[in-house]
Amino acid sequence: MPLPAEISAADTLLPQPPQLGPRLDALYQWIAQAQRPQTSDDCMQTSDNCLQTSDNRMQPYDNLWDCCCDHGYLGIHLLKNALCPRVHLVDQASHLIDALHPRMATYGITGYRALSADASELRFAEQQTHLII
């Protein structure tokens, strides 16, 4: 029996990411909602802070920064579900950042940036939108 179009053969060979705990899951759900295209009416009804474009659509964030990312579980879920074009995982503990690369490879995840840095010293490009957690 062939696999459904949204599931590739490679996806079936990779382990599933660890389940998120209640707090990380709440953050994930909030981000997922913030990243979906919205109209200005959606934002008025939910009183979210949305970035409005000239065609009256709400713009998702260009960059998501998971500061104090620990083991990267939130980032794994964000990347696995393609919720943001650029995900940056930041933690001061360099051993946690070093362990992220093999962990991400285990789940077949690429396209992220991992930094061992103090989150208070990060600088952000002004021409892009950033969600910092």
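## Helices and strands

The protein chain of this predicted model holds five helices and seven strands, where helices (H or I, at least four residues) and strands (E, at least two) are DSSP runs numbered from the N terminus. Read from the N terminus on, the order of these elements is α-α-β-α-β-β-β-α-β-α-β-β.

In this predicted model, local features need pLDDT of at least 70 and side-chain atom pairs count only at pLDDT 80 or more, whereas totals for chains, interfaces and linings use all residues. Residues are numbered from 1 along each chain as its sequence is written, and side-chain values use heavy atoms, with hydrogens and water left out.

## Surface and contacts of the chain

Of the 133 residues of the protein chain, 32% count as buried, a class defined by a relative accessible area under 20%, with exposed being over 50% and partly exposed in between (1.4 Å probe, protein chains only). The accessible surface of the protein chain, from the Shrake-Rupley method with a 1.4 Å probe, comes to about 8400 Å², and carbon and sulfur atoms hold 52% of that surface. Among contacts (heavy atoms within 4.5 Å) in the protein chain with a separation of 6 or more, 61% are between residues 24 or more positions apart.

## Strands 5 and 6

Strand 5 (residues 86-91) pairs with strand 6 (residues 112-116) in the parallel sense over five bridges; pairing requires that DSSP finds at least two bridges between two strands. Within this arrangement, Val 87 has Tyr 112 of strand 6 as its bridge partner.

## His 77 in helix 4

His 77 belongs to helix 4 (residues 73-80) and is buried, with a relative accessible area of 16%. Its side chain reaches the backbone oxygen of Pro 18 at 2.7 Å. Apart from neighbours within four places in sequence, His 77 is in contact with Pro 17, Pro 18, Leu 20 and Tyr 28.

## Cysteines

With a disulfide taken as a pair of cysteine sulfur atoms within 2.5 Å, the count comes to zero. The sulfur of Cys 67 has its closest cysteine sulfur in Cys 68, at 6.4 Å, and this is too far for a bond. Cys 69 is likewise in no disulfide, the nearest cysteine sulfur, that of Cys 68, being 8.1 Å away. Cys 67 counts as buried at 13% relative accessibility, and Cys 69 counts as buried at 6%.

Definitions and conventions
A polar contact is a pair of N or O atoms within 3.5 Å; within protein, one must be able to donate a hydrogen and the other to accept it, and residues adjacent in sequence count only if both atoms are side-chain atoms.
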